[in-house]
Amino acid sequence: MRRIVVHAALGLLVSITAWAQVEANPGRPTVSTPATLTPVGYFQFETGFLNALHSGEFSRRFGFTEVVKFAPIERLQLLVQAEPFVQSHIESGLDRRPGDLSLGFQGVVVKGEGHRPTVALSYFRRVYSSPAPDVDIGSNRQSALLLVSLDAGGFHFDINGIVTEQIEEPRHRAQFGQTLSVSHPVARHVGISGEIWHFSQPLIHSNAIGALFATSYAL
């Protein structure tokens, strides 16, 4: 038991030391995903919570979200996107279950720097479909993304074009989305972000739009 504790402590120390030597590249809390990848050889975990009210399938929905990223080489990144736990208030009562699980990858097509944009392509495929209720923009079986990131005038821009496959048997429809995220540092460790996004809703012949504003602090 003592050996296990020592090994665990050493592993934690190595993890903290390595973490202090590399710079994370988070894609949250914005909807947009950066075209640039995480440092090669390191796992990056993005953990969050999503609370939604008064949607079509529920009166309230709360869930944990998790995205795991790993870049084995400089131009390729492997991704796991999951919702480990979802609690929903629906007509029949309280529903608790895990959410969807998707696997994907992201590859850099054009490697940029500064004013020269980085361009990447990404693909996700759902490997577990949860019966938990969806938020307004819906869930999808597969999705493809075009991602562009660049710096200009002291601002950082992340731009995404998204196409997904929405399913409501027997109908299969293409959903299109566009996101624009702009971030700017305001102090040594503090930054602000603003974002606008749009998703078509082909199954109900409508559209969903939104805006997001966030502050961040880099440890």
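Student: Is R171 buried, partly exposed or exposed?

Tutor: R171 is partly exposed, because its relative accessible area is 27%. Buried means under 20% relative accessible area, exposed over 50%, and partly exposed in between, with a 1.4 Å probe and protein chains only. This is a predicted model, in which local features need pLDDT of at least 70, side-chain atom pairs count only at pLDDT 80 or more, and totals for chains, interfaces and linings use all residues. Residues are numbered from 1 along each chain as its sequence is written, and side-chain values use heavy atoms, with hydrogens and water left out.

Student: Which residue forms a salt bridge with R171?

Tutor: E168 does, with the closest N and O atoms 2.4 Å apart. A salt bridge here is a side-chain nitrogen of Lys or Arg within 4 Å of a carboxyl oxygen of Asp or Glu. E168 counts as partly exposed, at 42% relative accessibility.

Student: How many salt bridges are there in the whole structure?

Tutor: The search finds 7. One of them joins E46 and K69, whose closest N and O atoms are 3.2 Å apart.

Student: Which parts does the E46 and K69 pair tie together?

Tutor: E46 lies in strand β1 (residues 43-55) and K69 in strand β2 (residues 58-73), so the pair links parts 23 residues apart in sequence. Strands (E, at least two residues) are DSSP runs, numbered from the N terminus, as are helices (H or I, at least four).

Student: And are E46 and K69 buried or exposed?

Tutor: Both E46 and K69 are buried.

Student: What about R97 and D95?

Tutor: Their side chains meet in a salt bridge, at 2.8 Å from N to O. D95 is buried, at 12% relative accessible area, while R97 counts as partly exposed at 29%.

Student: New topic. Which residues make up the largest nonpolar core?

Tutor: It has 10 residues: A35, L37, L79, V108, A120, F124, L145, L147, I162 and F199. The elements giving two or more residues to this core are β6 (118-128) and β7 (142-152). Such a core is a set of buried Ala, Val, Leu, Ile, Met, Phe, Trp, Tyr and Cys residues joined through side-chain atoms within 4.5 Å.

Student: What is A35 in contact with?

Tutor: Leaving aside neighbours within four places in sequence, the contacts of A35 (heavy atoms within 4.5 Å) include V108, A120 and L147, along with Q106 and D158.

Student: Last one: is L219 buried or exposed?

Tutor: L219 counts as exposed, at 81% relative accessibility. L219 lies in the segment after β11 (206-217).
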